[in-house]
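Have the structure open while you read.

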Amino acid sequence: MKVLLSWLREFAPVDGDPTEIGDQLSDLGLAVEEMTTIGGGLDGIVVARVLDLRPHPDADRIQLVDVDLGDGEALQICCGAFNMSVGDLVPLATLGTTMPNGMEIARRKMRGEWSNGMLCSSQEIGLGDDHDGIMLLGSGPDLGTPLVEALEIRPDVLYDLEVNPNRPDAMSVAGVARDLAARQGVPFSLPDPSPAEVGADAADRLAVDVVDPVLCGRFVARVLDGIAIGPSPRWLANRLTALGMRPINNVVDVSNYVMLELGQPNHTYDLDALAARSGSGAALRVRRAADGETVETLDGVVRTLSATDGVIADGDDVAVGIAGIMGGASTEIGDATTSVALEMAWWDPQSISTSSRRLGLRSEASARFERGADPEVADVAMRRFAELLAEAGATLAPGTVDVRGEVPDRSPVRVRTDRVNALLGTDLSRDEMAGLLAPIGFAAEPAVGDASSADLDVVVPSFRPDSATEIDVVEEVARMHGYGAIARTVPSSTITGGLTGYQHDRRAVRDTMVGLGLDEVMPVPFLAPGDLERAGLPADGITVANPLVAEESVMRASLRPGILKTLAYNASHRLHGLGVFEVGHVYRTPASPQPLPDEREHLAVGLGGRDAGGAVAVWSGLADALDCRGYELVADDPVGLHPTRTARIEVDGVSVGHVGEVDPGVLEAYGIGERVGWLEVDLEALLALPHGGRPYHRVSRYPSSDIDLAFEVDEGTPASAVRACLADAAGDLLADLSLFDVFRGAPVADGRRSLAFTLRFQADDRTLTDAEVAEVRTACIAAVEGSLPATLRG
């Protein structure tokens, strides 16, 4: 939809810079696709008369045109358009003219012939979209007259708006002006013409019968006499041209002008021709077409109709037009027309849309009717039509033929202010909402039955059939309040799909294992009969009643068989020293009767070529990652693991697994020829205990001192017990403590082993002296030797 700023200002005193006004239109939902300044930059373009037309000797698509600027001299122009005749008046851009698009006109030779200017199309001078031919000016202007004077051109701003299907009112200049006036807070008013009424009453000269009230909700007709077909006033023709319509004659142009201005499509019938078609006088009858019925439309095409199409028929019930789309040729106005029947109707949008698509015939009228026209604007539009045509001597007959059918319901819409604010993120009061709606024709009153209610009953205006529910009114409140005035917020919503704390911890476990250089494996969770016994475990696995294969009929009660099978397979392919882990479920017979097995998630680590010390290092790394500080390794002898090199892991007194080595007998059963460090942890039990929340301490800027202590202890004394004694004795000066060596053999006595630790001492406020380090060292040795069957190695 195109609108002129000057035309908008005839409805409201719109103020502001054109660019600012364009921004306001866009914010109102009428996006400005293009803003063009017209009527300027036409200096140097004058009126010229065509004197002669002849072919170019060396170009088929160019002709030579001789024109006269009023000085009697023939001026040769090379032109690519062929729509001119000798004697036509045309616009000529003279040498030195700068066109609106920035092109400068200079004397040029085109295929050997000189061109001394340029003849202009409507598009080239910004007065329309027609660029296929030269603009013909008609009669009247004197030769040599500047074009702006000849055409009464005034500088203006043209907006090309994007109008969505839900805004039928914005298909008119008045509708756009109404919104803009509301935004600027200035008064808006429709024209209220009062043309003189002369002659016999229209009801005595024209009969109207609406057979299908659903198709036609209202049919209004009036009669105009004294019609004299001729050109339109220049100002009116200029406006139509600017909006992309070609001026034809005064009656057709006024019809288009009223449609563009007020959004009411209309049609004129030659009243005498209509009356001559029926012996009973002029009459119009609205009905559905019969299948196969034909009518010749104004474009000269005979169209075949179906029962879904609407027609307007004469008194003899012969179709003379397609309802809401295009009139018929039989009653078309012509040069001999003196009286016209003016029709303005409201047509069912769905019917018009269906017929328009089926016939492949779309017109400016159908584009408006299928969106939903205003059934109440016909009275004003009729008087406006008569007022504009009165300049050509036309008179309006008194009386109006007004037949009503079914139009959209306009019952009040209940609007909840709380709902409006919740949807928009605003804090508007009931009265503020009513104040925003009133300027655009929405009558809002406190909800019926409760004047103190925060809700509103809103009556939607007749020109807004798109607004029928509460949410439609909410949108209008938002438009008038201004989308830019609503604070931008991120809508809150329920967050789904996030990880639980347990899932986060499980990922941390996997990341830690990978960080320690281990490879994750995923053995089949089903075992063959005998796999548990071969791994040194009780044969108490749960048997599957309908296994896919017999070799996978037992649900695993431990991750150990699968890990050992993986190490054995790799060893058979000469891949030794492999470190692997698995996080998976084990299935055990429940302690109390229940339908399903006791299913737990475990972590298992198998370290090929490494001993219990390697497994303890993996556990230590995991405990550090999860920040499990209160753990203890207690010597234990679980089945299938080394009887003297295995410990039970207790965290806050709760047993969560074992760490150590796999029993040599089990390794032999699997054909594994290297030691295998082993760690298996019940993840669900471990992660259910307190962990995380690691306390952080300030890093000391003073140097540290390291000492090594090696103790000979019994095989039954766990390294964790020695470690605990050292930590207690060192106190706050201990910065780090690590076991770096485990030794068995001479000179260590049988049944005993050597455990070597590195202790790092550091103070936060000073550099430790040798005496202080020696004192702490002595205390550590005494604590271990006094609490455990241990002696310091020399």
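## The overall fold

In this predicted model, contacts between residues 24 or more positions apart make up 68% of the contacts in the protein with a separation of 6 or more. As for secondary structure, the protein has 21 helices and 39 strands. Its radius of gyration is 48 Å, well over the 28 Å that the globule rule gives for 794 residues, so the protein is more spread out than a compact globule. Of the 794 residues, 48% count as buried.

## A closer look at α6 and α10

Now for one helix pair. Two packed helices are described by the angle between their axes and the distance between the axes. Here, α6 and α10 pack at an angle of about 140 degrees, and their axes are 10 Å apart. The crossing of the two helices is right-handed.

So who touches whom? The table lists the residues that make the contact.

| Helix | Residue range | Residues in the contact |
|---|---|---|
| α6 | residues 250-262 | Asn-250, Val-251, Val-254, Ser-255, Tyr-257, Val-258, Glu-261, Leu-262 |
| α10 | residues 378-389 | Val-380, Ala-381, Arg-384, Phe-385, Leu-388, Leu-389 |

Sorted by class, the contact of α6 with α10 has 10 nonpolar, two polar and two charged residues.

Definitions and conventions: Residues are numbered from 1 along each chain as its sequence is written. This is a predicted model: local features need pLDDT of at least 70, side-chain atom pairs count only at pLDDT 80 or more; totals for chains, interfaces and linings use all residues. Side-chain values use heavy atoms; hydrogens and water are left out. Axes are lines fitted to C-alpha atoms, for helices over the stretch in contact, and angles run from 0 to 180 degrees between N-to-C directions. Helices (H or I, at least four residues) and strands (E, at least two) are DSSP runs, numbered from the N terminus. A crossing is left-handed if the near helix is turned anticlockwise from the far one by less than a right angle, and right-handed if clockwise. Contact means heavy atoms within 4.5 Å. Ala, Val, Leu, Ile, Met, Phe, Trp, Tyr, Cys and Pro count as nonpolar, Asp, Glu, Lys and Arg as charged, and the others, Gly among them, as polar. The radius of gyration is taken over C-alpha atoms; the globule rule is 2.2 Å times the number of residues to the power 0.38. Buried means under 20% relative accessible area, exposed over 50%, partly exposed in between (1.4 Å probe, protein chains only).
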